[in-house]
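The entries below follow the order in which I looked things up.

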Amino acid sequence: MSIFEYNGSALVAMVGKNCFAIASDRRLGVQLQTVATDFQRIFKIHDKLFVGLAGLATDAQTLYQRLVFRHKLYQLREERDMKPETFASLVSAILYEKRFGPYFCQPVIAGLGDEDKPFICTMDSIGAKELAKDFVVAGTASESLYGACESMFKPDMEPEELFETISQALLSSVDRDCLSGWGGHVYVV
Amino acid sequence: MESVFGLVGADFALVVADSSAVHSILVHKSNEDKIMVLDSHKLLGASGESGDRAQFTEYIQKNVALYQFRNGIPLTTAAAANFTRGELATALRKNPYSVNILMAGYDKETGPSLYYIDYIASLHKVEKGAFGYGSYFSLAMMDRHYRKDMTVEEAVELVDKCIIEIRSRLVVAPPNFVIKIVDKDGAREYAWRESIKDTSVPTA
């Protein structure tokens, strides 16, 4: 089993009309065994910026701590919150620092930029950014998620419809993946 | 393989561990205490490589004590768990410890809590957790019978059910178990469940 599939995860972020939604599953497992069904994968960096970390749980926790540290330092120095694009570049840089001993994580970044324009992106474990205008996915259920999102997504959805869409896409995908599931956390901003 | 499991009750937390120290096919001793009392209100149940286990848990215990000496107040369970995870995470890519940990504690403000810390430093607060081959049986039993806010008697009944399952279904089942409890009155040994009595070693 790959190291990315050790704990199991599913993450998806979608863009709506002046809003975004980010959702994750809730399972924490150790290969075939489920340890917890309330594991938090999505973290708030600031009111308009969320990051979800798929992959190995220990690296997700370490990476999250480093990112919060860097963002707090940025806030102290710049006296403002980081823009999502800037944050994405920061995550990419931090991941590439460990190019030959990487964090086994795939982050999904979702935020509202200038004039509340929604921004989403994902990257691989060494920081290769993938910007998208509609949706991004990560985790063990990513293939199912690509399919579900592609068929369910419509541009410019209102928050309520976006919530429904992302939830249905997440649930139907994790139901086909034994390593992720046990419910979902959805954040709509 | 070593079994450790634990659960949180109404106002206490229990940690149970087997007590055999095994080296390949040889059982060195069957009254090894794998649950360390970190401080007055914390327990650290550990399973894994015996050298790493003994050394790492002692390291954590001494650092928890040092914090109290330096700052005059004890660490909360959450803080101690996060510190432990930090140490494991730092060592992970240099010289990893093969120790799985269940940390139980009682804080006046937040009550009892149990933290599951993997050997690769994945931390999660849980209500019931288990490690080792015994986890397949104890987790299943706890999933079936565990309720929030159990009393000590109910919890120990559940623990005994888990121990019976482990003893009867695991091919290399450990014969003896130790049960430790932490509540508002502190962390202490609750009971032993022995089916093989070790002869006590005469003190030097």
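I began with strand pairing: strand S8 (residues 111-117) of chain B and S9(B) run antiparallel to each other and pair over 4 bridges. The model is a predicted one, and I read the entries that follow as computed values.

Next I turned to the contact with chain A. I listed 17 residues from chain B and 22 residues from chain A. The area buried between chain B and chain A came to about 1,400 Å², with 45% of it given by carbon and sulfur atoms. On the chain B side, I found that B:Arg85, B:Arg93 and B:His124 lose the most area to chain A, together 40% of what that side buries.

I searched for charged pairs and counted 1 salt bridge between chain B and chain A. B:Arg93 forms it with A:Asp59, and the closest N and O atoms are 2.8 Å apart.

Finally I asked which elements of chain B supply the side that touches chain A. Helix H2 (77-92), strand S9 (123-126) and helix H3 (135-145) each supply at least two residues. H2(B) gives the largest share, 4 residues. By residue type, I recorded that side of chain B as 10 nonpolar, 4 polar and 3 charged.

Terms used
Residues are numbered from 1 along each chain as its sequence is written. Chains are lettered from A and ligands numbered from 1 in the order in which they are written. This is a predicted model: local features need pLDDT of at least 70, side-chain atom pairs count only at pLDDT 80 or more; totals for chains, interfaces and linings use all residues. Side-chain values use heavy atoms; hydrogens and water are left out. Contact means heavy atoms within 4.5 Å. Buried area is the accessible area (1.4 Å probe) that two parts lose on being put together, summed over both. A salt bridge is a side-chain nitrogen of Lys or Arg within 4 Å of a carboxyl oxygen of Asp or Glu. Ala, Val, Leu, Ile, Met, Phe, Trp, Tyr, Cys and Pro count as nonpolar, Asp, Glu, Lys and Arg as charged, and the others, Gly among them, as polar. Two strands pair if DSSP finds at least two bridges between them.
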